[in-house]
Amino acid sequence: MTPRTSPDLPPSLWAATAEAGPPAPRLTGPAEADVAVIGGGYTGLSTALHLAEAGKQVVLLEAAEVGWGASGRNGGQVNPGWKVLPSEIRARFGPERGERVVRMADAACDLVFALIERFKIPCDAVRPGYLQAACGGRGRQAQESWAREWSAYGAEVELLDGKAFAALIGTDSYDGGLRDARGGNLQPLSYARGVAKAAAGLGARLHGGSPAIEVAQRGAGWRVATPDGQVSAEHVVIGTNGYTDDLWPGLKETVVPVASFIVASSPLSQNLARSILPGRHAVSDTRRVLFYFRMDRDDRFVFGGRGKLFDSADQGRREHLKAEARRLYPQLADVGWDYSWGGYVAVTREHTPRLMRLAPGVFAGLGYNGRGIAMATMMGKQLALAVLGEDPDMTVDALRPIPFHRLRQIGISWNLLTGGWLDRLDRR
Ligand SMILES: Cc1cc2nc3c(=O)[nH]c(=O)nc-3n(C[C@H](O)[C@H](O)[C@H](O)COP(=O)(O)OP(=O)(O)OC[C@H]3O[C@@H](n4cnc5c(N)ncnc54)[C@H](O)[C@@H]3O)c2cc1C
């Protein structure tokens with residue numbers, strides 16, 4: 001699987017069950033706007049929504065269709081926080097700015113559920129909390145830090161022992177875990193389409209089938225070309241994450257795309273569903289090469305992870321995920337699996353997202369390290385602030401490609417391989 005294989009939305013559980021999106025015709029001919037937004041995932045859509053709300057004329061260009069990228073393919077888990085702890089965020093951004101960044105990260109899940117509520121987005125959203133399952137002593141230690149640090153910011157986080165945790169997730173395969181009340185689940189493609197509708201309702205013009213192929217300076221502004229049209233705008237925002245192409249020199253080299261895969265079962269009987277996740281929580285574990293799982297609205301078990309590292313065939317990855325799901329929940333032995341699909345997340349060197357100013361009037365936001373539902377939505381708000389000339393909470397960085405970028409892919413594969421071994425050792 002390479003980042004861009006087909007312009008069609010790949011078949012998936014979400015593609016089969018999503019609400020319809022707003023019309024997004026191909027751009028033909030010239031268009032004028034205050035801001036041209038490139039990328040129709042959560043980053044681009046949230047940017048468009050927040051800018052349209054602030055009274056800006058917005059044209060959004062999406063190469064395929066709204067939600068075609070990771071935003072229409074992910075696990076639908078609204079995950080709180082970042083990959084790194086508040087103390088690490090403060091260490092990276094400095095005490096004052098770091099404090100702002102932590103509070104912004106804390107508010108990201110609230111922003112998602114507030115948008116859903118405000119714009120009445122039908123996306124099967126539930127907010128029973130996010131569960132993180134601990135694997136070994138390393139996992140427990142990490143969770144103690146998470147609970148201590150986020151509780152200090154008022155987050156409702158509780159550590160659960162093995163028995164209490166097993167009652168929530170229907171398996172005693174883990175060494176306890178934590179519940180973080182900020183998280184929840186939604187239908188990711190319906191959410192993307194709902195944000196698109198809300199943005200369109202506020203006046204943003206959305207164009208699918210319209211890849212940006214060139215961004216060039218024109219006078220005091222910019223001209224973004226597509227195969228059949230062009231947009232003249234004062235500002236440009238790029239939100240292409242794991243699907244970033246060669247549009248802006250060096251941008252692709254700021255992240256490493258990493259594939260993640262998901263399988264979804266047939267609808268389970270009520271009893272079976274209750275024996276697995278009675279509270280319908282979003283779950284992931286503390287492995288270095290983690291698994292994540294949840295129920296959808298029709299009681300399908302949705303299970304995701306990296307798949308088998310050296311099995312490049314999708315079939316092998318699917319079978320590996322199903323086998324892992326059955327190992328955790330033997331009661332799934334006879335259950336059918338209706339869907340499997342994959343997509344790309346964007347990993348950064350520091351495991352923190354980045355907001356960058358690429359040139360005067362040109363911004364990019366990306367690098368959610370696999371936790372983008374909440375943070376890409378928040379990034380859109382931050383990018384809108386940057387465009388409006390206000391001071392976003394995120395630091396606005398310069399473009400800094402990852403040194404020896406080509407080798408990073410190998411490095412990540414190596415980390416995944418050794419991570420898998422270390423994960424197994426942790427469980428001994
Ligand atoms: C399998 C999987 C499971 C995941 N699970 C979760 C989860 O449970 N919880 C969570 O929080 N996060 C999860 N993520 C991560 C999350 O989906 C992403 O972080 C988030 O969707 C990123 O949104 P985005 O808008 O930045 O990028 P994307 O949604 O990837 O959108 C980028 C868009 O840019 C478009 N594009 C690229 N180049 C151009 C161009 N030149 N012109 C126009 N358009 C262009 C692409 O077509 C694409 O639609 C998962 C990701 C994957 C792949």
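The model is predicted, so local features need pLDDT of at least 70, side-chain atom pairs count only at pLDDT 80 or more, and totals for chains, interfaces and linings use all residues. Residues are numbered from 1 along each chain as its sequence is written, and side-chain values use heavy atoms, with hydrogens and water left out.

Two packed helices are described by the angle between their axes and the distance between the axes. Helix α2, residues 42-53, packs against helix α10, residues 372-387, at about 45°, and the axes lie 7 Å apart. This makes α2 oblique to α10 (under 35 degrees is roughly parallel, over 145 roughly antiparallel, 65 to 115 roughly perpendicular, and the rest oblique). On α2, the contact (heavy atoms within 4.5 Å) is made by Y42, T43, S46, T47, H50 and L51. The α10 side includes G372, I373, A376, T377 and M379, and also K381 and V387. By class, eight nonpolar, seven polar and one charged residues make up the contact of α2 with α10 (Asp, Glu, Lys and Arg count as charged; Ala, Val, Leu, Ile, Met, Phe, Trp, Tyr, Cys and Pro as nonpolar; the others, Gly among them, as polar).

What about the cysteines? The structure has zero disulfides (a disulfide being a pair of cysteine sulfur atoms within 2.5 Å). C109 is in no disulfide, and the nearest cysteine sulfur, that of C123, is 13 Å away. For the sulfur of C123, the closest cysteine sulfur is in C109, too far for a bond. C109 counts as buried because its relative accessibility is 2% (buried is under 20% relative accessible area, exposed over 50%, partly exposed in between, with a 1.4 Å probe and protein chains only). C123 is also buried, with a relative accessible area of 1%.

Methods. Axes are lines fitted to C-alpha atoms, for helices over the stretch in contact, and angles run from 0 to 180 degrees between N-to-C directions. Helices (H or I, at least four residues) and strands (E, at least two) are DSSP runs, numbered from the N terminus.
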